[in-house]
Amino acid sequence: MSNQHATLDWNTGQPYSTQFEDIYFSTDSGLEETRYVFLNQNHLAERWKTINEASFTIAEAGFGTGLNFLCAWQLWNETAPDKARLHFVSTERYPLSPADLASALRLWPELAALSQQLLAAYSHMVNGWHRLVFEDGRVTLTLLIGDANDTLPQLKARVDAWFLDGFAPAKNPDMWQPALFASMATLSHSETTFATFTSAGMVKRGLEAAGFAVTKVAGFGRKREMLCGVYQGTSQNICISIPDTKLANSNAKTAIVIGAGIAGCASSYALAQRGWQVTLIERHDAISQEASGNPSGVIYPRLTGSDAALGRLALSGYLHILRLLKQLGLEKTAFSACGVLQLAFNSRELTRLQAITQQGLPVDLLEHVTATQASAIAGIELSHEGLYFPEAGWINPPLLCSSLASHRNIAIKTSTEALKLERKGDSWQVWDKHGLIAEAPTIILASANDTMQFQQSAHCELEPVRGQITFLPETAESRQLKTVICTEGYISPASNGVHTLGATFSPNDLSLEVRAADHQTNLQMLKKLAPGIYREAASEGLGGRVALRCTTPDYLPMAGPLLDSVAIKANPPRYNADPATLPWLDGLYINTGHGSKGLINAPLCAEILASAICGEPSPVDSKLLAALDSNRFMLKKMGLKRLVMGLAAFPYCKMR
Ligand code: SAM
C-alpha cells in the first residue's frame with residue numbers, strides 16, 4: 001500500500017475528504033459532536049473518576065484530524081487520577097498532512113494547548129505504527145497508519161472503549177466489514193464499550209454478530225440516531241484471561257535491568273517513565289563502556305526496500321528514536337541532526353536504494369539525490385548517487401545513555417557483575433561473587449554477549465562481532481564535510497577536529513586490541529565513499545577504539561519474555577499450543593542482539609518490553625513482535641517455527 005496523505009477540500013472552511021466525499025465532523029459543532037457521541041456514550045467521565053486500573057485504552061477507527069483524541073485527552077486530564085495512563089490507539093488509512101492537521105486544529109482554540117503538543121509530535125506519518133508520548137507518558141497515542149482491516153488484526157491490546165469514526169458506511173463500505181467487528185471482538189473484554197455516530201443497519205447487525213449488545217440512542221444535531229453498546233461475547237482476548245494479581249503488591253513495580261549500554265539504559269528509562277523503580281546493574285565502573293561507548297554513532301535507518309522485518313524495524317526504530325530525542329532534548333554536542341547521505345557505491349547497493357526509493361516515502365524523511373546533489377549537501381565532492389535523510393545525524397552514545405539513565409526512578413549500581421539469577425517465590429534474585437545484590441519480580445537482560453552466561457538465557461544464540469572505529473584528524477578538505485556519509489561504514493563530520501570512521505565487522509574475534517590493519521580497512525571504505533578526503537588523510541597517525549557488538553543469526557534483535565528451555569525441551573508442546581500453557585520464566589525479559597543497530601533498534605525494543613510488562617497496547621504489529629521473539633532460535637531447532645507467531649500475543653497479556 002503506497003503512502004498517501006488525505007486530500008482535503010477547505011472551501012467551506014472545514015475539512016472535507018475528496019477521497020471519501022464526506023465531512024470529518026458535524027458542521028454544527030465537531031467538538032460538541034465528539035463529546036456527545038464518543039465521550040458520553042462510552043461513559044468515559046464516570047468511568048475515569050472511579051478508575052482502579054493503572055491504565056485505560058481507547059481504540060479508534062479513523063484518526064482524521066485527531067479531534068476525538070484531543071477531546072478524550074482533555075477529559076482524561078479533568079477526570080482521571082494523576083498516576084493513571086491513557087492509551088489512545090487510532091488507525092488511519094490516509095493521514096492528514098501536518099499542514100492540514102494544523103489548519104483543522106485551528107478551528108478549536110479551546111484545545112490549543114493540547115493541539116500544539118500533537119502538532120509538535122505529528123511528523124513522518126508513513127505506513128506503519130507510530131507511538132507519540134505526551135505529558136511524560138500520562139497520555140500515549142499509537143497511530144496505526146494503514147487500513148483498519150489490516151492494522152487491527154495485528155494489534156495486541158486490551159481495549160476498554162471503541163470509537164468507530166470512519167466516515168459514513170455508505171461512503172466508505174470497505175471499512176465497515178465483518179472483519180472490523182471481528183477484530184474489535186478479539187480485542188474486547190466484558191466491560192468494553194463502543195460508540196459510533198452512525199445508525200446504519202449493517203453496522204448494527206455486524207456488531208451484534210460479533211458479540212456486541214447494541215443500543216440505538218438519539219444522535220447529535222441533525223442526526224436522528226446513533227449506536228452504542230457493550231461487548232457481551234465470549235472474549236477470545238488472551239490478554240484478559242490472567243487476573244491482575246501481580247501489580248497489586250507494592251513491590252510489583254520494581255525491576256532490575258542488567259547491562260548499562262543503550263539497550264539497558266533505554267529499557268530502564270521506558271519502565272522508569274511508567275513509574276517503576278529500576279535498579280540498573282553494570283559490571284564496569286561507569287555506564288556505556290562497551291559497544292555504546294564509542295564517541296560517535298550514526299542515527300539513520302538501514303532500510304531494505306522490502307516489507308521484511310529487518311527494514312520495517314529499521315524504519316519504526318528510526319522514527320521512535322527521533323521522537324525520543326525530541327523528548328530528551330539533548331544538547332547539540334550530544335546529537336547533531338546534520339543529515340546522513342547513504343551512497344550507492346556499487347550495483348548491489350544501487351539496486352537496494354532504488355527499491356527503497358520506490359517505496360514512496362516522503363522527501364522530508366528521505367530523498368533520492370544525484371551525485372551532484374549529494375556533493376552540494378555534503379560540502380565535499382562525491383561521485384555516487386544515494387539517499388539523503390535530512391533529520392538523521394550523529395550522536396554521542398554515552399551522552400544518550402546517561403540522559404536516559406539519569407531518570408529519577410533509576411538507581412545505577414556500577415562495578416557490580418551479575419553472575420547468577422535465581423527465582424525465589426515471585427521474585428528474581430541477582431547474585432554476584434560476593435552474594436545477593438538485588439531482588440525484584442521483573443528483570444530485563446540487556447547484557448549483550450554475556451547474556452548467554454546465565455543458565456536461563458544460555459540458549460539465545462548470540463554472537464560477538466568485533467568492530468573497530470578510526471579517529472581521523474580533520475584536514476582543510478575534510479573540514480568541509482557537513483553530513484554523515486555512509487554505506488556499509490560511515491564517516492561523520494569533524495567534531496573537535498576529529499572525524500569518526502567505522503566500523504570493521506569481524507565475527508567471533510574477541511580481541512579488544514586496536515589494529516593498524518583494521519584502520520586500513522576503514523580507510524579503504526572511506527576511499528570508496530569520499531576519495532578526496534581519503535587522499536589527504538591516509539598518511540596521518542591514527543587512533544581508534546574497539547568494541548564487541550552482539551548479533552543474532554538472522555540479524556534481528558531479541559526483545560521479549562523467555563521460556564524455560566529445560567522444561568520445554570523435556571515436554572515439547574504442539575506447534576499450535578496455547579501460549580498461556582507454555583513454561584514461561586515469569587517476569588524474565590531480554591533486550592539484546594542489536595549488532596551495529598543498537599541506537600536505532602534498542603529504544604523501540606525497550607518500549608516493546610515496557611508495554612508488554614505493563615499490559616499496554618503493543619507499539620509494533622504482531623508480525624514484528626514474532627520476528628523479535630527471544631525464543632525463536634530454540635523453537636525453530638525444535639521444529640516449532642509456527643509456534644513463534646502465536647507467542648507474540650503472550651507478553652501483552654501476562655501482567656493483567
Ligand atoms: N476521528 C476523526 C477526528 O477526530 O477528526 C474523524 C474521522 S473521519 C470522519 C474518518 C477517518 O477515517 C478519515 O480520516 C479516513 O481517512 C479514515 N478511514 C476511512 N477508511 C479507513 C480505513 N479502512 N482504515 C483506516 N482509516 C480509515
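This is a predicted model: local features need pLDDT of at least 70, side-chain atom pairs count only at pLDDT 80 or more; totals for chains, interfaces and linings use all residues.
**Ligand shell, salt bridges and aromatic pairs**

Good morning. At 6% relative accessibility, Glu607 counts as buried.

Which residue does Glu607 meet in a salt bridge? The partner is Arg131, with the closest N and O atoms 2.9 Å apart. The two sit in distant parts of the chain, 476 residues apart: Glu607 belongs to helix α17, residues 598-613, and Arg131 to strand β6, residues 128-134. Arg131 is likewise buried, since its relative accessible area is 6%, and buried here means under 20%. Both residues also take part in a network of salt bridges, whose other members are Arg85, Arg274 and Glu616.

Across the whole structure, the search finds 26 salt bridges. Let me present two more of them.

One joins the side chains of Arg632 and Asp554, at 2.9 Å from N to O. This pair, too, links distant parts of the chain: Arg632 is in helix α19, residues 632-637, while Asp554 lies in the loop between β30 (543-551) and β31 (558-563), 78 residues away. Arg632 is buried, at 1% relative accessibility. Asp554, by contrast, is partly exposed, with a relative accessible area of 26%.

The other is formed by the side chains of Arg35 and Glu32, with an N to O distance of 3.3 Å. These residues are three apart in helix α1, residues 30-40, and are therefore separated by about one helical turn. Glu32 is partly exposed, its relative accessible area being 37%.

I now move to the aromatic side chains. The count comes to 19 aromatic pairs.

Phe194 is in strand β9, residues 193-196, and Phe212 is in strand β10, residues 212-218; 18 residues separate them. Phe194 counts as buried, at 0% relative accessibility, and Phe212 is buried as well, at 3%. Ring pairs also link Phe38, Phe63, Phe69, Trp73, Phe88, Phe134 and Phe163 into a cluster.

Finally, the ligand. How many residues surround the ligand? There are 23, and the closest are Gly62, Thr65, Glu92, Asp165 and Asn172.

A polar side-chain atom of Thr65 is 2.5 Å from an oxygen atom of the ligand. Asn172 places a polar side-chain atom 2.8 Å from a ligand nitrogen, and Asp147 has one 3.3 Å from a nitrogen atom of the ligand. On its own the ligand has 600 Å² of accessible area, and the protein covers 98% of that area.

Thank you for your attention.

Key: Residues are numbered from 1 along each chain as its sequence is written. Side-chain values use heavy atoms; hydrogens and water are left out. A residue is near a molecule or strand if one of its heavy atoms lies within 4 Å of it. A polar contact is a pair of N or O atoms within 3.5 Å; within protein, one must be able to donate a hydrogen and the other to accept it, and residues adjacent in sequence count only if both atoms are side-chain atoms. Accessible areas come from the Shrake-Rupley method with a 1.4 Å probe; for residues, only the protein chains shown count as cover. A salt bridge is a side-chain nitrogen of Lys or Arg within 4 Å of a carboxyl oxygen of Asp or Glu. Helices (H or I, at least four residues) and strands (E, at least two) are DSSP runs, numbered from the N terminus. Buried means under 20% relative accessible area, exposed over 50%, partly exposed in between (1.4 Å probe, protein chains only). Rings of Phe, Tyr and Trp (its six-membered ring) pair if their centres lie within 6.5 Å; planes under 30 degrees apart count as stacked, over 60 as edge-to-face and the rest as tilted.
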